[in-house]
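Subject: A structure to look through

Dear colleague,

I am handing over the structure below, and I would be glad if you kept it open while you read the notes that follow it.

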Amino acid sequence: MGGLTARSRSHASGTRALQRAFGVLAVTGVCLATIAPAHADAGSSDGSGTSGNSGRTTDFGLSASSECVFGGDVIPSTPWSLQRILLDQLREQATGKGVTVAVIDTGVDDSNPQLREAMASGSKSYVGGSGTEDIDGHGTRVAGIIAARPMKDTGFRGIAPEAEILSLRYTGGEEKEGNSATMSQAIRDAVAKGAEIINISSDTANKEDNAGLASAVAFAVNAGALIVAAAGNDGADGKKADTFPASYPGVLAVAASDRNDERAFFSQAGDFVDVAAPGVSMVSTVPKSGQCTADGTSFAAPYVAGVAALLKEKHEDWSAAKIATRIQETAQRPAHGPNPFIGWGVVDPVAALSDDSTPGNSPQPDPPKALRSSGVVPMAVTMGESEAEKDRRVAIYVLGTGLVLALVVAGSGVAVRDWRSKRVGRARRAGQSG
């Protein structure tokens, strides 16, 4: 049975140990955050997956991005991933109200004040404990990016701040790490519990296909749910490769972009990539209370899932395929069509919500831009002297020559007059002397 694993290689030994023990289908690392250990009495873990009280090492991260303590402080400023959006304009369109987003992850800690009112009923764990427990912190971060409620003293909030989160904990926790079977069960249960959007920030170990997981994904797609999945974090070499479940048909695969709307260096490239979203220095909620930053496609996927929730609220009758198409066709991209690095482009939430036309069931390349008849005649490109410049030059020559001739004539007249005056004077002097 295939496992899910974090895509990091910075803690490869811990990952290999877990894979040997469980065939783990673990969180996509799709989170690159290493954070300081949380309080041991909280049963929390650091971002690298090292439990505060057991020494367990589950690889959920690639690199350190900030120090974090579960139950710590909030970040006052508005994160860059939200500053790039005209939030007031977005909120006028939708807030995600009435839409349920399933987060299939390490659990979502509902004690965080920004998530307490965001939880839907029916959360469940497949690895012991509760679906609203999260000792790893990964699922709580994912949920916050989707639906964290606004709160005083912080500029961070979810993309869809009135959506509801259904936490289905397929992995994480003490010893019981989960695998493709628990993820597949969680996908089927998400559909049964009425989730319109399903976020999966995980991929399979060694990028291996898995028949049971493929079947569960197909079941959800056929039932009308939109699955949004992280592309993975093994893209530093720039080589293309498929990851699962992101590569399965009907899944909206999300790469990570940076502040320049370019592919984050770690984001997995591949022809399966559908769209990109911010995935660097992503602020979000952590267990107990407070916030931290982290990098990874794990946090790009929920950004898109939040946009999908907004579209579902605004266009309740739209299918999953139409929602995915609108997100892709309104994304910001450098070319007419997709590429293996950012897919159809970096998601533009305001553009996606502002276009009320009904999309198709698959994205189409931008049409070539036709020349418009505006009544403006373009200037001819000339090499060397133009006709107008030649005319001006000739006119200047003629004028200059005329002035010179006039001066010559005038000068000649003066000279002749002087010569005649001198001649008359000499003649008079000669007559007087005779």
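The UniProt record, an unreviewed entry, places the feature "active site" at D105, H138 and S298. In this model, which is predicted, these residues are spread over 194 residues of sequence and yet cluster in space, with a largest C-alpha distance of 10.1 Å.

Taking H138 to begin with, you will find this residue in helix α4, which covers residues 138–147. Its side chain and that of D105 are joined by a polar contact of 2.7 Å. H138 has a relative accessibility of 1%, and because buried means under 20% relative accessible area, H138 counts as buried. S298, which belongs to helix α7 (residues 297–314), is likewise buried, since its relative accessible area is 0%.

The next thing to look at is the sheet. Seven strands form an open sheet in the order β3-β4-β2-β5-β7-β8-β9, and their pairing is parallel. At the edges are β3 (124–125) and β9 (275–278), each of which pairs on one side only. In general, the strands of a sheet pair through backbone hydrogen bonds, and they do so either parallel or antiparallel. Here, strand β8 (residues 251–257) pairs with β9 in the parallel sense over four bridges, and S257 stands opposite P278 in β9.

Helix α7, where S298 is found, packs on this sheet and touches β2 (100–105), β5 (197–200), β7 (226–230), β8 and β9. If you compare directions, that of α7 makes about 125° with that of β8.

With best wishes

Definitions and conventions
Residues numbered from 1 in each chain as written. Predicted model: local features only at pLDDT ≥ 70, side-chain atom pairs only at ≥ 80, totals over all residues. Heavy atoms only, no water. UniProt positions renumbered as here; feature names shortened; annotations may be inferred. Helix = DSSP H or I, 4+ residues; strand = E, 2+ residues; numbered from the N terminus. Buried < 20%, exposed > 50% of the residue type's maximum accessible area, 1.4 Å probe, protein only. Polar contact = N/O pair within 3.5 Å; in protein donor to acceptor, adjacent residues only side chain to side chain. Pairing = 2+ DSSP bridges. Contact = heavy atoms within 4.5 Å. Axes fitted to C-alpha atoms, helices over the stretch in contact; angles between N-to-C directions.
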